[in-house]
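Subject: Structure handover

Hello,

Here is the structure we discussed, together with its sequence. My notes on what was found follow below it.

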Amino acid sequence: MIRPLPGRLVLIGDPVTHSLSPRFQNAALRSAAIPLQYEAIKVSAADLASVVADLAAVSATGNITIPHKVSFAALCRTLTGAAEIAGAVNTFWVENGVLHGDNTDVEGFNFAVERLLGSTPIRQTVALLGAGGAAAAVLSAANQWQETSITIWNRTREKSVAVAERFGGVRVAAVSEQAVKDATLVVNATSIGMTDDSFPVDPALIPETASVLDIVCRIGGTAWVRAARGRGLNASDGREMLIAQGAASFRRWFGLEPDVAAMRGAIGLTG
Ligand code: ATR
């Protein structure tokens, strides 16, 4: 059953102009005949708390993206189990003036990996690039896979050390080349490649039997995924994860099953 409609439906991030979420969420809203517009709003870290207070006052719901997923979690009164474990929020809603946070990236990441591998992930050697909010969701998911080891690399080493300690049993690599050396699955959870064609790591350094998942989403895919495929690697960009997390958010906001085919079509995904 549909819940009371929120006052606004927003994506909060900085930058947000490259986000594909408005395209597919608005397609889902149209398909469900829900009279709301999903708006992307650019909010600086300094303004986050005051903007969120204004949005809570109008019972807004929405998503959180780079770079606010971790800091937003601290503003929520309650967190779901997934958001609590990740320490990051990508989905929020307001009930009776109270702000609640969830993390549907975890579910979205698991869905995208299963699709990429063609099976439930087990016995993986994961190289995780990045240590922000998206990386925390990847760690939450991969930490539950059986017989799996994880090595994390991040530009700012202290952040990878902190996140590795929080999850336990995660190795920290000093350089990205070291992280990917023996990997069976390489995940880019940095924002590298979002606004240009730069690579988080040279695909030539990735073992040829490894799979590659880029969490970055771009219409037409990312240059890194194209280069990885050019090397014969099994590789996918972040659009499958994006749709899966977005569909889970839609269910959370409205208590309705979204039109996933319309969502996929809106960002050029078929099948
Ligand atoms: P998100 O919520 O998408 O994870 P975030 O928490 O801001 O956003 O994290 C962004 C990640 O991309 C971080 O791991 C960041 O590295 P730092 O911790 O060193 O900032 C990484 N990142 C962004 N730009 C980068 C760049 N040019 N080179 C390497 N890493 C980069």
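For the helix angles below, an axis is a line fitted to C-alpha atoms, over the stretch in contact, and angles run from 0 to 180 degrees between N-to-C directions. Please keep in mind that this is a predicted model.

The helix pair

On that basis, helix 5 (residues 105-117) and helix 10 (residues 239-254) have axes that come within 7 Å and cross at roughly 140 degrees. An angle has to be over 145 degrees to count as roughly antiparallel, and the two helices are therefore oblique to each other. The crossing of helix 5 past helix 10 is right-handed. From helix 5, the contact takes in Asp 105, Glu 107, Gly 108, Phe 109, Phe 111, Ala 112 and Arg 115; they meet Glu 240, Met 241, Ala 244, Gln 245, Ala 248 and Arg 251 of helix 10. By type, the residues of this contact are six nonpolar, two polar and five charged.

Strand 4 runs parallel to strand 6 (residues 98-102) and is joined to it by two bridges. In this pairing Leu 79 is opposite Gly 101 of strand 6.

Another open sheet of six strands has parallel pairing and the order 9-8-7-10-11-12. Here strand 9 (171-172) and strand 12 (234-236) are at the edges with a single partner strand each, so one side of each has no neighbour in the sheet. Strand 11 (residues 211-214) and strand 12 run parallel and are joined by three bridges, with Leu 213 opposite Ser 236 in strand 12.

Helix 9 (residues 223-230) has four residues to look at: Ala 223, Trp 224, Val 225 and Ala 228 are its buried ones. Their cover includes strand 10 (185-188), strand 11 and strand 12. Just after helix 9 comes Gly 232, with a positive phi of about 90 degrees.

Regards

Notes. Residues numbered from 1 in each chain as written. Predicted model: local features only at pLDDT ≥ 70, side-chain atom pairs only at ≥ 80, totals over all residues. Heavy atoms only, no water. Pairing = 2+ DSSP bridges. Parallel < 35°, antiparallel > 145°, perpendicular 65-115°, else oblique. Left-handed = near helix turned anticlockwise from the far one by under 90°. Contact = heavy atoms within 4.5 Å. Nonpolar A, V, L, I, M, F, W, Y, C, P; charged D, E, K, R; others polar. Buried < 20%, exposed > 50% of the residue type's maximum accessible area, 1.4 Å probe, protein only.
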